[in-house]
Amino acid sequence: MKLSLRMTVIASALLLAIAGLAPSVAAQTGITNTAIVAPTQGAALDDYLISRLRATTDDQRYYVREIVKLVDQNKLEKRLVLALERYARRKSPYFPLPVYERALRVEAAKRGVAVPTLKEIVARNGASAARAIRDSRYR
């Protein structure tokens with residue numbers, strides 16, 4: 001008798017699920033399955049790279065803007081810049097900017113494009129270069 005009751009309950013649950021009348025249960029993990037969509041405009045590319053590469057200082061943001069200028073001038077391909085961003089985040093999820101900088105310099109050199117380093121950007125900016133020298137001295 002127990003077995004037939006159990007089979008009846010299971011059969012009715014299956015029928016309800018097939019009919020769509022049973023309440024659906026979904027795990028609430030907070031993780032979505034949406035793909036990350038690359039930006040389409042220059043300003044959006046700038047913001048996208050700054051956030052994804054975790055550019056926190058003004059010099060790092062200026063470096064990313066220099067890369068976006070090279071894309072706007074058609075010296076670098078946008079898909080190369082985005083592919084290297086994904087590569088850098090995969091290699092170093094917490095600090096992707098140094099990996100991105102090295103990989104971009106290598107790939108740009110293959111294409112004959114001179115990409116400035118972050119140190120060159122800091123050296124061009126007088127205020128941040130002076131601050132970097134002042135902060136590096138022993139007291």
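**Entry 1: Glu-85**

I looked up Glu-85 first: its relative accessibility is 0%, so Glu-85 counts as buried. Buried means under 20% relative accessible area, exposed over 50%, partly exposed in between (1.4 Å probe, protein chains only). The model is predicted: local features need pLDDT of at least 70, side-chain atom pairs count only at pLDDT 80 or more, and totals for chains, interfaces and linings use all residues. Residues are numbered from 1 along each chain as its sequence is written, and side-chain values use heavy atoms, without hydrogens and water.

I placed Glu-85 in helix H4 (residues 78–91). Helices are DSSP runs (H or I, at least four residues), and strands are too (E, at least two), numbered from the N terminus. What does Glu-85 touch, not counting residues up to four places away in sequence? I found Tyr-48, Leu-49, Arg-52, Leu-53 and Tyr-100. Contact means heavy atoms within 4.5 Å.

**Entry 2: H5**

Tyr-100 took me to H5, where Tyr-100 is buried. Glu-101, Leu-104, Glu-107 and Ala-108 are among the other buried residues there. H5 (residues 96–110) has 15 residues and reaches 21 Å from first C-alpha to last, close to the 21 Å expected. The expected span is 1.5 Å times one less than the number of residues. Just after H5, I noted a positive phi of about 80° at Gly-112.

**Entry 3: whole protein**

I counted 7 helices and 0 strands. Of the 139 residues, 32% count as buried. Among contacts between residues at least 6 apart in sequence, 54% join residues at least 24 apart.
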